[in-house]
Amino acid sequence: FLLPNLVQEQGPLVDRARPEPPRDVAPEVDESAGSPEQRKLADAALAKLLPLEDELKAVGIDTWGGADWTAVLNRVELGDEAYRDRNFTAAATAYDGARAMGEELLPRASQVLADALSEGEAALLDGDRARAVSGFELALAVEPDNAQAQLGLARAERLDEVLAAMAEATRLESAGNVDDAAEAYARALEIDEQWRPASEGLTRTRAAVQQASYEQQMARGYAALSDEDFDRARRAFDAALRVRPGDADAQAALQQLGAEERLQSVLVLEREARELEVAERWVEAAQTYEAALAVDDGLVSARQGLERSRSRAQLASDVERAIGMRDVQFFPYTLGITTLYVGVK
């Protein structure tokens, strides 16, 4: 019962008011980090970084840089934050670090370009349109004016059309329809003039077409030669030579044709000469034998006929001259089976 009075007289035993918490001690700030001199250093570091950043973007770093490029961007962001906070020393350090990382990335662009071109070309050969397009687009991101990449991308975008034409050409060639197969291969080359399988297929089928045409013309020529239709045979052999210029077989066939023509001409002339002999038209017979020898001077029968006709023509000439003479006495002269009367003055 004494306590309440005591409390009222002396106050509370413990001060119920909470004491203020101790204040954090502010870190010491490097006043020089925000000095004009440090700002100039940060500005200089940024000035060196920005052209490099533009150069990296010009070679498509956003496309192929990946995590390394992200790290560079993060470092730049740290520098920007420090700059905004006027911690120019930290900003300069961040910018210099980003530049160093970027300078390591820049030389990789040439290898990225080479790999992308190689991948695009390989994908074209594999008939993989999507992969080819991706490869050539990456190459163009690195070097927009690269002619190989531009051509490759154009080819990749038409790859499906080329493959469709190739499929049709292959089907026709397998069926033995080389004429239409050659046309299909030609269509594929119109779509992509560098598509090697189409070029090879066109060469192969055209050779087959030429071979068939050559064989057909040679067969026609020999058939005409057998029928002694020399004009038709010559046209056929000439056509075979147009298909295969300088072909030895076609040239031999033309030589044979020439020999056949000469033989036929000689036979005709010899037959006419013999008919003239029968008619005792010796001068004309001799002239016909001469014509036969002009075609082939090695003909023994024509040479014998020429000698015989000349002799008879001379004899006939002598007889006619003798008949025209006065006081001529005739004596029998036997030549072969023929008896002539020769006059002597």
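This is a predicted model: local features need pLDDT of at least 70, side-chain atom pairs count only at pLDDT 80 or more; totals for chains, interfaces and linings use all residues.
Me: Is helix α2 roughly parallel or roughly antiparallel to helix α4?
Reply: Helix α2 covers residues 36-58 and helix α4 covers residues 66-84. Their axes come within 12 Å and cross at roughly 150°. Angles over 145 degrees count as roughly antiparallel. The orientation of α2 to α4 is therefore roughly antiparallel.

Me: Which residues of α4 make the contact with α2, and how many charged residues does the contact have?
Reply: α2 passes α4 in a left-handed crossing. On the α2 side the contact is made by R39, A42, D43, L49, E53, L56 and K57, and on the α4 side by W69, V76 and Y83. By class, the contact has six nonpolar residues, no polar residues and, as charged residues, four.

Me: How are α11 and α12 oriented, and what is the handedness of their crossing?
Reply: Helix α11 (residues 196-226) packs against α12 at an angle of about 160°, and the axes are 8 Å apart. That angle makes α11 roughly antiparallel to α12. The crossing in which α11 passes α12 is left-handed.

Me: How do the residues of the contact of α11 with α12 divide by class?
Reply: From α11 the contact draws on Q210, S213, Y214, Q217, M218, R220, G221, Y222, A224 and L225. From α12 it draws on F230, R232, A233, A236, F237, A239, A240 and V243. By class these residues divide into twelve nonpolar, four polar and two charged.

Me: At what angle do α12 and α13 pack, and which residues of α13 meet α12?
Reply: Helix α12 (residues 230-243) and helix α13 (residues 248-278) have axes 9 Å apart and pack at an angle of about 165°. This makes α12 roughly antiparallel to α13, and their crossing is left-handed. The contact residues divide into nine nonpolar, two polar and four charged. In α12 they are F230, A233, R234, F237, D238, A240 and L241, which meet, in α13, A250, Q251, A253, L254, L257, E260, E261 and Q264.

Me: How many residues apart in sequence are the parts that the pair D160 and R129 ties together?
Reply: The structure holds 17 salt bridges. D160 lies in helix α9 (residues 159-174) and R129 in helix α7 (residues 129-142), so the parts tied together are apart in sequence by 31 residues.

Notes
Residues are numbered from 1 along each chain as its sequence is written. Side-chain values use heavy atoms; hydrogens and water are left out. Axes are lines fitted to C-alpha atoms, for helices over the stretch in contact, and angles run from 0 to 180 degrees between N-to-C directions. Helices (H or I, at least four residues) and strands (E, at least two) are DSSP runs, numbered from the N terminus. Angles under 35 degrees count as roughly parallel, over 145 as roughly antiparallel, 65 to 115 as roughly perpendicular and the rest as oblique. A crossing is left-handed if the near helix is turned anticlockwise from the far one by less than a right angle, and right-handed if clockwise. Contact means heavy atoms within 4.5 Å. Ala, Val, Leu, Ile, Met, Phe, Trp, Tyr, Cys and Pro count as nonpolar, Asp, Glu, Lys and Arg as charged, and the others, Gly among them, as polar. A salt bridge is a side-chain nitrogen of Lys or Arg within 4 Å of a carboxyl oxygen of Asp or Glu.
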